[in-house]
Amino acid sequence: MKHYALIAAAGLALTACSDPAEDTATRDSAMDHGGMDLAAPAETADAAAPLPDDGIAPVVEISDAWIRPHPQGRDVTAAYFTATLAQGHADRLIEARMDGAGHIELHTHTMNDEGMMQMRQVGPQDITDAGALAFAPGGLHLMVFGMDPVAEGDAVTGTLVFERAGEVAVTFQARNTAPGGHSGH
């Protein structure tokens, strides 16, 4: 039974964040999170400590926000975006919400001891003025659970919550590929 769980986990990891040109049957069977054992969130001591107040209120801009259409009516999918600081030196993404979603987790991909790619829930993610915070296929992403299916062309509104900048409204466009034709690979 454990063998089947590993196969399902690997398929899901590749499905949610992989190139959409994959075989549809593989994608559809892998999107069922039914008995999946996701790794516990990775937490760091620094992530728990509040960011220092440098006297400059951060302003976070969101671009390229998109969500994968749900395959065959499943209620689990992945969403992506890029966050940059238009003002300020540092902030931290602490939560994401999306209209109609049961819950959302921040995830990434890691390689396990057997050399298999797996998804792992992560804690808050820092953004600095040194560069953008990118949630893209094959890396950081939002795992969206319990949402009614969306199809290509739909739009879903949501909110990204930052430690210092607060709530930032975002609209995720449902699409099969990343904006600009980049698949993240």
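# Core, loops and salt bridges

Glu95 counts as partly exposed, because its relative accessibility is 33%; buried means under 20% relative accessible area, exposed means over 50%, and partly exposed lies in between, using a 1.4 Å probe and protein chains only. This is a predicted model, in which local features need pLDDT of at least 70 and side-chain atom pairs count only at pLDDT 80 or more, while totals for chains, interfaces and linings use all residues. Residues are numbered from 1 along each chain as its sequence is written, and side-chain values use heavy atoms, with hydrogens and water left out. The points below cover the nonpolar core, a strand pair, some loop and strand residues, and the salt bridges.

**The nonpolar core**

- A nonpolar core is a set of buried Ala, Val, Leu, Ile, Met, Phe, Trp, Tyr and Cys residues joined through side-chain atoms within 4.5 Å.
- The largest such core here has 28 residues, and those with the most contacts inside it are Ile67, Phe81, Met98, Leu142 and Phe172.
- Strands that each supply at least two residues of this core include S2 (59–67), S3 (76–87), S4 (90–98), S5 (103–111), S10 (155–162) and S11 (166–174). Strands S8 (133–135) and S9 (141–145) also each supply at least two.
- Strands (E, at least two residues) and helices (H or I, at least four) are DSSP runs, numbered from the N terminus.
- Which residues does Ile67 touch, not counting residues up to four places away in sequence? Among them are Thr77, Ala79, Met98, Val144, Val150 and Phe172. Contact means heavy atoms within 4.5 Å.

- Strand S7 (residues 125–128) has Gln125 and Ile127 on a covered face, and Asp126 and Thr128 on an uncovered one.
- S4 and S7 run antiparallel and are joined by four bridges; two strands pair if DSSP finds at least two bridges between them.
- Within this pair, Leu93 stands opposite Gln125 in S7.

- Asp64 is in strand S2. Its phi is near 50°, a positive value in a residue other than glycine.
- Asp64 counts as partly exposed, because its relative accessibility is 45%.
- Thr77 is in strand S3 and counts as buried, because its relative accessibility is 2%.
- A polar atom of the Thr77 side chain lies 2.7 Å from the backbone oxygen of Arg68. A polar contact is a pair of N or O atoms within 3.5 Å; within protein, one must be able to donate a hydrogen and the other to accept it, and residues adjacent in sequence count only if both atoms are side-chain atoms.

**Residues in loops**

- Arg74 lies in the loop between S2 and S3 and is partly exposed at 27% relative accessibility.
- Arg74 and Pro149 are 75 residues apart along the chain, and their C-alpha atoms are separated by 6.6 Å.
- Asn112 lies in the loop between S5 and strand S6 (117–122). Is Asn112 buried or exposed? Asn112 is buried, because its relative accessible area is 17%.
- The side chain of Asn112 reaches two backbone nitrogens: that of Glu114 at 2.9 Å and that of Met116 at 2.8 Å.

**Salt bridges**

- A salt bridge is a side-chain nitrogen of Lys or Arg within 4 Å of a carboxyl oxygen of Asp or Glu. The model has six of them by this rule.
- Arg164 forms a salt bridge with Asp54, with the closest N and O atoms 3.5 Å apart. Arg164 lies in the loop between S10 and S11 and Asp54 in the loop between helix H3 (45–48) and S2, so the pair ties together parts that are 110 residues apart in sequence.
- Both partners are partly exposed: Arg164 has a relative accessible area of 24%, and Asp54 has one of 35%.
- Glu163 forms a salt bridge with Arg92, with the closest N and O atoms 2.9 Å apart. Glu163 lies in the loop between S10 and S11 and Arg92 in strand S4, so this pair ties together parts that are 71 residues apart in sequence.
- Glu163 is partly exposed at 30% relative accessibility, whereas Arg92 is buried at 3%.
- Glu95 and Arg97 meet in a salt bridge at 3.5 Å, N to O. Arg97 is partly exposed, with a relative accessible area of 33%.
- Salt bridges that share partners join Asp53, Asp54 and Arg164 into one network.
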